[in-house]
Amino acid sequence: MPRREIRGSRAIVTGASSGIGKALALELARQGADLVVTARREDRLGKLADEIAALKVRVEAVPGDITEAAVRQAVVDAARTRLGGLDILVNNAGVGAMGRFEDADPNRLRRIMEVNFFALVEMTRLALPGLKQGRTPMVVNVSSILGHRGVPHSSEYCASKFAVQGFSESLRAELAAYPIDVLVVSPGTTQTEFFDRVIERTSQPRWPEHGAVTPEYVARAVVRAMRRGKHEVIPFFWGKVLCRLNAWAPGLVDWVMARYA
Ligand code: NDP
């Protein structure tokens with residue numbers, strides 16, 4: 001018995017112009033959700049809105065930088081005025097960087113935390129009053145396998161995703177009484193533009209190739225988890241293996257990671 005009916009629900013998806021956010025917005029629309037989509041690239045957002053509208057659901061595109069308070073406010077306002085309320089907030093927008101910590105400019109950490117953590121937290125803060133009035137409301141925070149296990153050459157990114165994990169766990173407990181569900185999504189390697197669009201790349205480890213999944217695969221797994229009211233979804237086999245191994249033998253994983261540093 002599903003805990004949540006997607007049809008007729010009203011959702012915000014951030015970072016919807018490409019990759020996982022775009023696939024997730026389309027999957028939610030296919031299942032009958034009305035949507036507010038946001039990201040900086042207006043042209044892509046416009047095309048996505050056309051695709052979503054063709055699925056006969058309501059859609060509003062709000063272009064802008066999610067680190068700006070006025071943009072976040074416009075997104076939440078759009079859900080209220082254009083969709084009549086809010087049931088699902090998907091905090092998906094994210095950026096990465098590659099390189100050793102000691103070589104990095106402090107701005108790299110600031111920028112990553114602004115997008116991946118502070119914007120996510122502030123979107124959640126703004127959306128909560130609307131969600132409290134919503135139908136089986138939920139917050140979906142897109143973290144990463146790297147929010148479970150730190151790896152070399154991605155220290156700032158890992159820190160931002162660990163922050164998302166901790167925030168989400170606390171929030172889940174605080175919101176249980178309403179009840180508002182909190183789902184954490186921890187993708188592994190996914191075929192998106194993410195790696196081509198890192199904000200800085202000074203070095204990178206040569207990881208073994210382990211069959212990246214498509215964003216559509218991730219989106220289907222996420223929507224399934226949303227319907228079932230799950231707390232966590234890891235849509236990547238090798239990611240699950242890494243998490244298990246790290247819980248069982250963290251020293252061994254430390255040793256392996258040091259080989260890639
Ligand atoms: P993409 O680069 O394809 O998508 C990132 C999205 O975030 C884009 O829509 C981008 O839109 C948006 N975005 C980035 N910065 C901002 C900003 N300042 N303001 C508004 N929107 C912004 O990558 P993915 O789809 O892979 O990434 C989605 C999420 O998945 C991220 O949180 C990422 O950390 C996470 N993830 C990805 C993995 C992967 O292997 N791909 C693995 C684990 C987690 P625009 O540039 O138009 O603003």
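**Why is it called that? Questions about a predicted model**

Colleague: Let's start with Val75, whose place is in helix 3. What makes a stretch count as a helix?

Modeller: Helices are DSSP runs of H or I with at least four residues, strands are DSSP runs of E with at least two, and both are numbered from the N terminus. Helix 3 covers residues 69-83. A word on the source: this is a predicted model, in which local features need pLDDT of at least 70 and side-chain atom pairs count only at pLDDT 80 or more, while totals for chains, interfaces and linings use all residues. Residues are numbered from 1 along each chain as its sequence is written, and side-chain values use heavy atoms, with hydrogens and water left out.

Colleague: Thanks! Why is Val75 called buried?

Modeller: Buried means under 20% relative accessible area, exposed means over 50%, and partly exposed is in between (1.4 Å probe, protein chains only). Val75 has a relative accessible area of 0%, so it is buried.

Colleague: Which residues does Val75 touch?

Modeller: A contact means heavy atoms within 4.5 Å. Leaving aside residues up to four places away in sequence, Val75 touches Ile12, Val36, Thr38, Val62 and Met123. Thr38 is 37 residues from Val75 along the chain, and their C-alpha atoms are separated by 7.2 Å.

Colleague: On to Asn141 in strand 5, residues 138-142. Is Asn141 buried or exposed, and how do you know?

Modeller: The relative accessibility of Asn141 is 0%, so Asn141 counts as buried. Beyond four places in sequence, its contacts include Asn91, Leu120, Phe167, Ser168 and Val184.

Colleague: What makes the pairing of the Asn141 and Ser168 side chains a polar contact?

Modeller: A polar contact is a pair of N or O atoms within 3.5 Å; within protein, one must be able to donate a hydrogen and the other to accept it, and residues adjacent in sequence count only if both atoms are side-chain atoms. The two side chains make their contact at 3.0 Å, so the distance meets that limit.

Colleague: Why is Asn92 called buried?

Modeller: Asn92 has a relative accessible area of 11%, so it is buried. Its place is in the loop between strand 4 (88-91) and helix 4. Among the residues that Asn92 touches are Thr14, Ile20 and Val142.

Colleague: Now the backbone. What is noted about phi at Thr136 and at His153?

Modeller: Thr136 has a positive phi of about 30° although it is not a glycine. His153 has a positive phi too, of about 70°, and is not a glycine either. Most residues other than glycine have a negative phi, and most peptide bonds are trans. Thr136 sits in the loop between helix 4 (106-132) and strand 5, and at 33% relative accessibility it counts as partly exposed. His153 is in the loop between strand 5 and helix 5, and with 10% it is buried.

Colleague: Which peptide bond is cis?

Modeller: The bond joining Tyr178 and Pro179 is cis, with omega about -5°. Pro179 lies in the loop between helix 5 (155-175) and strand 6 (181-185).

Colleague: Last one, for the chain with its eight helices and seven strands. Why is it called as compact as a globular protein of its length?

Modeller: The radius of gyration is taken over C-alpha atoms, and the globule rule is 2.2 Å times the number of residues to the power 0.38. The chain's radius is 18 Å, close to the 18 Å that the rule gives for 261 residues, so the chain is as compact as a globular protein of that length. The C-alpha trace spans about 50 × 40 × 30 Å along its principal axes, and 52% of the residues count as buried. Among contacts between residues at least 6 apart in sequence, 73% join residues at least 24 apart.
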